[in-house]
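Please read the following briefing alongside the sequence and the structure shown below. The points are grouped by topic.

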Amino acid sequence: MKNLFRTITRPASLVLIIGVLLSLYIGKTTPPTWTIERMSVDAFKTETGQWAYTYNKAPVIIENLVPIDTAYLTPQNLEAVNAAKTTPAITEEFVIQPTAIFNA
Amino acid sequence: MTRHWGIWSLLPAIVAILLCWIVKEPITALSGGIIAGAFLIGKFNILDDVLVPTFMSKNAATVLILYLWLLGGLMGMWEKTGASKAFAEFMAKHFVRGPKTAKVVAWLLGIIFFQGGTVSAVLVGTTVRPLADEERVSHEELSFIVDSTSSPIAILLPFNAWPSYVQAFSFVGGAAWLATEADRIAFFFKSIPFNFYAIFAITSTLLLSIERLPWCGQQLNAAIRRSRETGELDAPDAEPVNSLHYDTDHVPSGYRITIGDFFIPLLVVLGFAISTYITLGSPKVLWAFGLALMTSILMAFLRGMGAKDVIDGLSLGFKGVVLGSLILLLAMTIGAMSKATGGGAYLVDLLGSWIPFWLLPGLLALLTMFIAFATGTSWGTFAVSLPLALPLSFHVGMAHGLVNLEFFMLICFCSILNGAVFGDQCSPISDTTVLSAMTTGCDLMDHVKTQIPLATVSMGGAILLWTLLVSLFA
């Protein structure tokens, strides 16, 4: 018992125990805040008329491309999601803008 | 998109860094941080939901094949054939005339291996350590030179994978100079002369090598004195990450040691990496190391070494890097944890757009330094900070009606790039930091503590110059 107490009260054990318990508590009680993370790619139309971008020198077809005006993952929508403390319906979306495509 | 838990997003990194400082042992520290991160995002089955998905990724498989099999195997073959010892003796005879020249050789190799990051740290550390040990260069000095030339050189000579990676996070709507992929890569190359931290880091490392640096911090000074006066390469209480030693004890009797066993595989690595970069657009590092290992084995066979001895050599090398591979996998896992908890996104969110424009480069540098230090990855830091910080710099510049907005953004871009490189270089949970300590046989925390003061001075100078430049010319 004495040894157990000595082990638990070591600085490293205390950091580990407090850190893990705190993480558990925060994860259970605090909803996360959602923010936009953008990645841009140069898109082009393939011979079959589909939008694609080049990755590792090979074309990758972009599925479910939406115009920027009808995008779901916008700052306004995320503000509403964060205020309601809920989770967004989707977490990734390809959006087309006249000069580039975003992967949000 | 990404999510964060405010200040609590930094909890896994804080737990890992605190444990690293207290226990001076990276496996415990990284494991503690991973558990904290997993609990925060609600993944309680750490084996199935955290470790297995990370370890089965392409990056993890590459780490295992590259470091455990190919690099470990090559190091083992160098030990079995006595090649490293032969290299050390060759350099000692022809170039090295004491600790200064040994360090200059390390610095030069760091510049030559400009692919950056882990590959550079591994090649320079393993190559130079035997001759540096011979010349009484402390492990703290050597690991500093190895670490301080690995990532900084990658942004000064960016003929590597860095520009293609970074450009993907650098689009800003409305900034014509960042409109296309080619524009963004050109922007990266334009930034080279303003990468002041990298320039200062490389220069101060050269000055340290030739022992002309006026100040290098108390602990590094003590390490230099200790090694020169007593021959003790590590501090008395040091626990080096790796205990691999090069000696001729393992060379089979009758096998003639030659320097070719060392140079030819090394030339194969460099030649193949550079030629595939030129012809294919990206260096094929796995192929390069694989071919070098095959060359080394073939040379040993042709010169009379038996299959049993070759396998013995390979397993010697595997044993030497198995702990390092585990640390690398755990460092990758905590990097993924930090991204999942959103530590970087929170820090960028926190700053907002209340900042005066001339303060922005310095603040972005501090922010990315902190993110990279906490997460141990410069590339992860680019991914979380560039898409938020570059548009921020564009809007701040527009709001202040700056005449030279492109130049202002270029300086902000440099401060992000260099801040991330600094944080990655100094973080005890970064793979390059671990590898620099591992390959030079240095205690991890001794390496971290001795390099932070010098790196901080370089970064202080860089921030001052960026601030002056945007104040005068933006």
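Of the 474 residues in chain B, 58% are buried, where buried stands for 20 or more other C-beta atoms within 10 Å of a residue's own, with C-beta atoms placed from the backbone. This is a predicted model, in which local features need pLDDT of at least 70 and side-chain atom pairs count only at pLDDT 80 or more, while totals for chains, interfaces and linings use all residues. Residues are numbered from 1 along each chain as its sequence is written, and chains are lettered from A and ligands numbered from 1 in the order in which they are written.

- Among contacts in chain B between residues at least 6 apart in sequence, 80% link residues at least 24 apart, a contact being two residues whose C-beta atoms, placed from the backbone, lie within 7 Å.
- When neighbours within four places in sequence are left aside, B:Phe289 is in contact with B:Leu66, B:Leu70, B:Leu71, B:Leu74 and B:Val269.

**Sheet in chain A**

- Three strands of chain A form an open sheet in the order E3-E4-E5, with antiparallel pairing, where pairing requires that DSSP finds at least two bridges between two strands.
- Strand E3 (43-45) and strand E5 (58-61) of chain A stand at the edges with a single partner strand each, so one side of each is left without a neighbour in the sheet.
- Strand E4 (residues 51-55) of chain A pairs with E5(A) in the antiparallel sense over four bridges, and A:Ala52 has A:Ile61 in E5(A) as its bridge partner.

**Contact between the chains**

- Chain A brings 29 residues to the contact and chain B brings 32 residues.
- On the side of chain A that touches chain B, helix H2 (11-29) and strand E1 (33-35) of chain A are the elements that give two or more residues, and H2(A) gives the most, with 11 residues.
- E1(A) and strand E1 (residues 2-4) of chain B run antiparallel and are joined by three bridges, with A:Thr35 opposite B:Thr2 in E1(B).

Key
A residue is buried if 20 or more other C-beta atoms lie within 10 Å of its own, exposed if 12 or fewer, and partly exposed in between; C-beta atoms are placed from the backbone.
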